[in-house]
Amino acid sequence: MEFCVKNRLKLEFKIISESGPPHDRVFTCQVSEGDKLLGKAEGKTKKSAELKAAKIALLVYGIRYQPNYISMLNEFSQRKKQDLNFVEESHLGPAHNPDFSNPMDEFRNPEKLGKGAYGNVVKVQNKIDDQFYAVKKVQVLDKKVLEEVKVLARLEHQNIVRYFNARLGPDIPSDSSESSSNSSEYSRGSGTCLYIQMELCENGSLKEWIKKRNLENRVNKSVGLEIFQQIIEGVRYIHSKKLIHRDLKPANILFTKEMIVKIGDFGLVTRMTGEEAKKALERTRGTGTPSYMAPEQKHNQYENEVDIYPLGLILFELLCIFRSEHERGNHWINVRQGEFPSGFEEQYPLEKRAIRQMLSHDPKKRPSAEELSRSFQTMKTLDSQTY
Ligand code: ATP
Ligand code: MG
């Protein structure tokens, strides 16, 4: 507060909600500047919620008006005797964003591509180079949001979605459908968003591909295995960089115009805690979408085997047709327990064994991406000799 007075900031902090059992309360603090809502933050105590809200406000405020905001943040941090660990100026600095302009101004013809739990993705055309890109907008609720781009920026692989750049800007509807919808995620509006420009995957996601394939009612095993092999290669690369994707599922696996597989959505790559995993599970339950998440991901202790578990479910889905969501739901529970639909084993004996291993409840019994890469290469060769 003292700091606000000194810097003539008229920020107002208000605890707007309180929830959870007595031993695990969650307070939500809202920070605003006049009638403009700057952001909201949660904390286990009122003080910590306020502190987090202050961080958001300073981040927004600093980017917008203050050339020396990093030193302001550090001064604030020292005062609170806490390492708030603010991002470096080079990433957020006003030099990159002198007037906090709309990052979407560089593009024309935005078209909605998808909307997930965190982001909103549009197809756009760059006004200068005329090329098409995908731009994902994510609200900056805390600095962890920036991890997605920090990770994506250092990955370079045929099966990972290519990153171009990231900008910070105000929360402006990125396409007409967003401005007309009253989606709860976006009406919250923290004020600042991260706009991630990446390669456009014109052929949509594996989720859409599976849906279409199910309507056609025909499994093409070699196409399925080819897609799966490319997913493995992407995961092998991610694990070789000592990273864990944490959210592998068909909606996060994309296809380029040439039908090359690209793993996308690195939003959870470094930030998902057990608590967040639980919430994500609840969210998927709410939407009726079966979960791909490994059972142990609900807890805080896990390693890169959490990425192998969903691969087992993905391979199963690549080889099996469900005629309805209801049918899919029933099989899903069974497969997660290691029970397969009748006839599956006869038709796909090798694949069934591999899927069972990937779905081992003991993470240590799951094969590594490296091992999978080798065995599927062999399986493909055997297949091509048999048929
Ligand atoms: P989630 O609900 O999985 O957390 P999210 O909000 O983190 O989603 P993404 O998964 O990155 O966001 O993107 C949401 C959707 O937008 C994807 O499922 C996909 O349909 C589409 N999409 C994302 N990136 C691209 C891209 N580069 N090219 C084409 N479509 C994309
Ligand atoms: Mg996603």
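Guide: Helix H11 (residues 308–319) and helix H12 (residues 325–336) have axes that come within 12 Å and cross at roughly 135°. The model is predicted, so local features need pLDDT of at least 70 and side-chain atom pairs count only at pLDDT 80 or more, while totals for chains, interfaces and linings use all residues. Residues are numbered from 1 along each chain as its sequence is written, chains are lettered from A and ligands numbered from 1 in the order in which they are written, and side-chain values use heavy atoms, with hydrogens and water left out.

Helices (H or I, at least four residues) and strands (E, at least two) are DSSP runs, numbered from the N terminus. Axes are lines fitted to C-alpha atoms, for helices over the stretch in contact, and angles run from 0 to 180 degrees between N-to-C directions. Angles under 35 degrees count as roughly parallel, over 145 as roughly antiparallel, 65 to 115 as roughly perpendicular and the rest as oblique. H11 and H12 are therefore oblique to each other. Their crossing is right-handed, meaning that the near helix is turned clockwise from the far one by less than a right angle.

On the H11 side, Tyr309, Leu313, Phe316 and Glu317 meet Arg328, Trp332, Val335 and Arg336 of H12; contact means heavy atoms within 4.5 Å. The residues of this contact divide into 5 nonpolar, no polar and 3 charged. Here Ala, Val, Leu, Ile, Met, Phe, Trp, Tyr, Cys and Pro count as nonpolar, Asp, Glu, Lys and Arg as charged, and the others, Gly among them, as polar.

H11 also packs with helix H8 (residues 206–216), at an angle of about 30° and with the axes 10 Å apart. That angle makes H8 roughly parallel to H11. Leu206, Trp209, Ile210 and Arg213 of H8 make the contact with Ile314, Glu317, Leu318 and Leu319 of H11. These residues divide into 6 nonpolar, no polar and 2 charged.

The strands come next. Two strands pair if DSSP finds at least two bridges between them. One open sheet has 5 strands in the order E4-E5-E6-E8-E7, with antiparallel pairing. Strand E4 (107–115) and E7 stand at the edges, each with a single partner strand, so one side of each is left without a neighbour in the sheet. From one strand to the next the twist averages 25°. E4 pairs with strand E5 (residues 119–126) over 6 bridges in the antiparallel sense, and glutamate 111 has lysine 123 in E5 as its bridge partner.

Another open sheet, of 3 strands, has the order E1-E2-E3, again with antiparallel pairing. E1 and E2 pair over 8 bridges, phenylalanine 13 having valine 31 in E2 as its bridge partner. Strand E2 (residues 26–33) and strand E3 (residues 36–43) pair over 7 bridges, with glutamate 33 opposite lysine 36 in E3. The hairpin of E2 and E3 has 2 residues between the strands, and glycine 34 takes a positive phi near 60° there.
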